[in-house]
Amino acid sequence: MGQFKAGTSAKILAIILAVISAGLSALGVAGMVALDSGMFYQLSKEEMMEAAFQEVSRKYSVVALSGYQDDFHAQELAQSNFHYGVVKTDDIDKVDLYDASSYIGGDFVSISRKGKANGRLQIPDKEQLYFFDAEIGGQTGFMYGSNIWNSYYIMENTQPWYSTEEYPLEGYYYDRYTQALYVRSGKRLFEAHIYSAYAFGDEITDIDTQMLQEYMEQESGQYRWNNYAEAVKLEPRSGPGAVVRFEDIQIVDSASLAELGEVSEEALDRIDASHIYALKQHKPDTEHYYVVSYVGDPVSGGLPIQDGDMYVQMRSIINLAYQMRYPAIVVMVLSGFVLLASFCFLMSAAGHRKGQQGIYPCLFDRMPFDLYAAGFFFVQTMLVGGIVLCVDNLIHQARNGMSGFITVSVLAIGASILSILLAVLFCMGFAVRVKLGKWWRNTLVYRSCRFCLRVVRKCIAFCFSAAAAFLRSLTLLWKAWLTLGMLAFFEYVVIMSTSYAYDGNLLVLWFLEKIIVYPLAIVVLLQMNRLQKGAQKIAAGQLDYRITTSRMFWEMKKHGEYLNDIGTGINRAVNERLKSERFKTELITNVSHDIKTPLTSIINYIDLLQKELLKGQQGSSAVPEYLEILRRQSARLKKLIEDLMEASKASTGSLSVIM
């Protein structure tokens, strides 16, 4: 199995199978979605054919009505299986569909004559007929093509159109009960809206008619404009408005307003000093047509897809769809299984080489993964965009002509195959990276983040070290000043940011607290600074230095006395240490002198003894006397040495004392 995964031919075969199966799976899924959205799985073939023929009849009806000013395109439609008659009426139920005189166009009459129906049209029953109706007029537009892929519809122009009417302006009236402003021309009133008020030529506010009473005062049941505004600006439908001074407006009640005239339905378009311009509505002139149709049986004709009878086209498409609706599922399932198997094999075989053990990355696998992925997605985006353009071009060609259809199809298929191949190779590369482990480390993002983290860590460490060095360089007094200042500033910001600061109570309490507490804190800090300086001098060796503890707080004073006592104690200990050192020096000097004396005697007498021995050979000797002196001096030397050892043990504390 390992040799099979490492084989190049096996990988190439798996890639080819993956590409083919992916394409077939995509086609199968697209076909299933299209068939399901088209209700091919829900409806029977007869029901689908009935619905499709009804839609084709609607499209042919649009074609027929587009020639309503001529012959309803009788010659063009005669080549199809579409049989129809055109009726001009507002109620089709009141029309005798089997009377030839009811129709103003179509081929019902000619077909019935061929069938010799004796005055009655030979057409199917009403339940088997298709009906299509529309309002047709001079402004109506039509859209249709040459096959079932085109759109067929009627652009009905039933919306009213407007023209501008000019009327002389004869006055302004304000209804004090409804707060509405009107302009009058003869017996016609046009309601105007106010959106600005002016005072001494300056615009002061935006208002509406409901707020206009705020600019008025009432005296003895009458209204008058106050001194805060002089004029109002009317709001027209479009174009410039009119500025009206308040003294030109007559204030009336609803009864008086009713005597002036009726409110016009025209929309106010523009107002100037002498005229009113209103929009007058006009309805378009249209006529109602019905197209009654049925499909010839059997449906016959050639050219099923392009430039042929749409019934034949639709029948061919439906037959093909019902033949392929279940094979599409089988193709999708089989191709999906082959795709899954080949994909799993390629992911397992990625990185293996023939004759070698382990995972070996290629040149692209050594690239940063995010850069590699960005390049892949860029190329894939370009390919998918090209595929979409090709498909759109194919749809456009299917609707308007088949020129270049094969070329565009080849381009779309080639782009699709290349896109699938690149996707498979990308997945294989990613599998190699996963097998090598910690693939995220070989990314520009990871490297950049790691570099940034290192820089940030160093910056933070530098800031902390700088802050620590700065704080170490400050004295206790300056540290305290800095802390108290920052605390006071923080308290001030918190107080000013609260809603309670507006009455000033918290700010006053904060100020009083600083007046009382901060001087006390300063005194304490000064005393602590005095203690710190005294401790520094004592630590520097000035053991005779004394801290002045007068006028200190009790705890501070006690601490200063402790520091003074420390200096005294250290001085006493030093004196005792010096005395002990002098005693040791004198002891060593005396012992050394005592040891030196017998040692000198021993050395001298040994020399004399040697000389006496030489003389003894000649007959005179003082040897016994010299030997006695040597014995005595050596015993003394032994005793001195033993005493020195005992004294050494006593000084080190290792001598046991027996009382």
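Of the 659 residues in the protein chain, 33% count as buried, where buried means under 20% relative accessible area, exposed means over 50%, and partly exposed covers what lies in between (1.4 Å probe, protein chains only). The structure is a predicted model, in which local features need pLDDT of at least 70 and side-chain atom pairs count only at pLDDT 80 or more, while totals for chains, interfaces and linings use all residues. Residues are numbered from 1 along each chain as its sequence is written, and side-chain values use heavy atoms, with hydrogens and water left out.

The protein chain holds 14 helices and 19 strands; these are DSSP runs numbered from the N terminus, with helices (H or I) of at least four residues and strands (E) of at least two. The accessible surface of the chain comes to about 42,000 Å², a value from the Shrake-Rupley method with a 1.4 Å probe, in which, for residues, only the protein chains shown count as cover. Carbon and sulfur atoms account for 61% of that surface.

Leaving aside residues up to four places away in sequence, Asn 81 touches Tyr 294, Val 295, Gly 296, Pro 298, Val 299, Ser 300, Asp 309, Tyr 311 and Val 312.

Lys 11 belongs to helix H2 (residues 8–37) and counts as buried at 17% relative accessibility. Along the chain, Lys 11 and Ala 349 are 338 residues apart, yet 7.5 Å separates their C-alpha atoms. Ala 373, found in helix H8 (residues 369–400), is buried as well, with a relative accessible area of 11%.

Charged side chains come next. Searching the whole structure gives six salt bridges, each defined as a side-chain nitrogen of Lys or Arg within 4 Å of a carboxyl oxygen of Asp or Glu. One of them joins the side chains of Arg 58 and Glu 55, at 2.9 Å from N to O. Because these two residues are three apart in helix H3 (residues 45–66), about one helical turn separates them. Arg 58 is partly exposed at a relative accessible area of 25%, and Glu 55 is partly exposed at 33%.

Another salt bridge links Asp 93 with Lys 126, whose closest N and O atoms are 3.5 Å apart. Asp 93 lies in the loop between E1 and strand E2 (105–106), and Lys 126 in the loop between helix H5 (108–115) and strand E3 (130–137), so the pair ties together parts that are 33 residues apart in sequence. Asp 93 is exposed, with a relative accessible area of 59%, whereas Lys 126 is partly exposed at 38%.

A further salt bridge is formed by Arg 188 and Glu 266, with 2.8 Å between the closest N and O atoms. Here the pair ties together parts that are 78 residues apart in sequence, because Arg 188 is in strand E9 (residues 188–199) and Glu 266 is in the loop between strand E16 (262–263) and strand E17 (267–271). Arg 188 is partly exposed at 29%, while Glu 266 is buried at 17%.

The surface also carries patches, made of residues with over 30% relative accessible area and no salt bridge; like charges are joined within 9 Å, and nonpolar side chains (Val, Leu, Ile, Met, Phe, Trp, Tyr) within 5 Å. Lys 438, Arg 441, Arg 447, Arg 450, Arg 454, Arg 457 and Lys 458 gather in a patch of positive charge. Within helix H10 (residues 444–473) lies Arg 454, partly exposed with a relative accessible area of 46%.

A nonpolar surface patch is formed by Val 508, Leu 509, Phe 511, Leu 512, Ile 515, Ile 516 and Val 517, which together have about 670 Å² of accessible area. Ile 516 is placed in helix H12 (residues 505–539) and is exposed, at a relative accessible area of 61%.

Technical notes:
Lys, Arg positive; Asp, Glu negative; His and termini not counted. Charge placed at Lys NZ, Arg CZ, Asp CG, Glu CD. Contact = heavy atoms within 4.5 Å.
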